[in-house]
Amino acid sequence: MRLQLATWPEVTDYLTTRRGVILPIGSTEQHGPSALVGTDAITAETVAWEVGEALNVYVAPTMAVGMAHHHMAFAGSMTLRPSTMIAMIRDYVVSLSAHGFRRFLFINGHGGNIPTIQSAFYEIYEEQRATHGADAPDIQCGLVNWFNSPPVVEAARRYFGDAEGGHATPSEVAVTWHAYPDQIRDVPLDPPVAPEGRFTDWRSLRANFPDGRMGSNPALATRELGTEFVALARDHIVKTQADFLAG
Ligand code: NI
């Protein structure tokens, strides 16, 4: 159930019995020479929309740009400063809380977002406490990283072994192929499995990972596996987050 495809009377009616909302959050950043710049936003919203359908919970508009400073040496990447992202998350939550939403489940597609999302939650909680004290509305925020769901991690290891890697992974690429089968690229990757290594900032990432992949071979992705990863993530999140969203 997508909030953008609802009317305000429908949302009003929903809020008479429900208080939960799902917020997909991703990134717009390079994913190597063969995968889409929108991968992390596409994967987050693909999983989020399925969870929303399974639980009859509204899914807010996707936050499609995240904290991707480290990818900025590659064309097409966009980033928010952490401070901007915290302000954006705060405004999404406070806007929706004004109407009665109280349980905010963020389904995230980008590891680089995690510290900022967690900081935003405490920014919101502390603002509410400082402003309203004991009368503060019972706003609670939760975070799930679909790609870290244990069933997804287990399946990725079984299908791809070490070639799952850490960025432009075959599991996330498979999910984009499930979502957009007409956007599958056949690009030669050299070497097939990208190097492992470290980075600190945008320049060192480009220096150490020349084509943008990290330890992965996204050519191992298939559309069918993408469908399976979406189902595994959906079922895990439904099972572990239904009580939270029901508030
Ligand atoms: Ni990604």
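The axes of α6 and helix α8 (residues 223–246) come within 7 Å and cross at roughly 100 degrees; axes here are lines fitted to C-alpha atoms, for helices over the stretch in contact, and angles run from 0 to 180 degrees between N-to-C directions. The helices α6 and α8 are therefore roughly perpendicular to each other, the term for angles of 65 to 115 degrees (under 35 is roughly parallel, over 145 roughly antiparallel, and the rest oblique). On the α6 side the contact is made by S171, A174, V175, W177 and H178, and on the α8 side by R223, L225, G226, T227, F229 and V230. Contact means heavy atoms within 4.5 Å. The residues of this contact divide into 6 nonpolar, 4 polar and 1 charged, where Ala, Val, Leu, Ile, Met, Phe, Trp, Tyr, Cys and Pro count as nonpolar, Asp, Glu, Lys and Arg as charged, and the others, Gly among them, as polar. Helices (H or I, at least four residues) and strands (E, at least two) are DSSP runs, numbered from the N terminus.

This is a predicted model, in which local features need pLDDT of at least 70 and side-chain atom pairs count only at pLDDT 80 or more, while totals for chains, interfaces and linings use all residues. Residues are numbered from 1 along each chain as its sequence is written, and side-chain values use heavy atoms, with hydrogens and water left out.

A nickel ion is coordinated by H31 (NE2), D40 (OD) and E172 (OE), at 1.9 to 2.2 Å. D40 lies in helix α2 (residues 39–55) and E172 in helix α6 (residues 170–179), so the pair ties together parts that are 132 residues apart in sequence. Along the chain, the donors follow the spacing H-x8-D-x131-E. Donors are N, O and S atoms within 2.8 Å of the metal (3.2 Å for Na, K and Ca); water is not among the atoms, so sites may look incomplete.

Helix α2 itself is mostly covered, with 13 of its 17 residues buried. At 1.5 Å a residue, those 17 residues should span 24 Å, and the end C-alpha atoms are 24 Å apart, which agrees; the expected span is 1.5 Å times one less than the number of residues. After α2 comes N56, in the loop between α2 and β2 (58–59). Phi of N56 is near 55 degrees, a positive value in a residue other than glycine. N56 is partly exposed, with a relative accessible area of 42%.

A168 also has a positive phi, of about 55 degrees, although it is not a glycine. It sits in the loop between α5 and α6. What is the burial state of A168? A168 is buried, with a relative accessible area of 0%.

Another loop, between β4 (140–145) and α5 (150–160), holds S149. At 5% relative accessibility, S149 counts as buried. Leaving aside neighbours within four places in sequence, S149 is in contact with A233, H236 and I237.

A further backbone feature is the peptide bond from D190 to P191, which is cis, with omega near -5 degrees. P191 lies in the loop between α6 and α7 (202–208).

Note on methods
Buried < 20%, exposed > 50% of the residue type's maximum accessible area, 1.4 Å probe, protein only.
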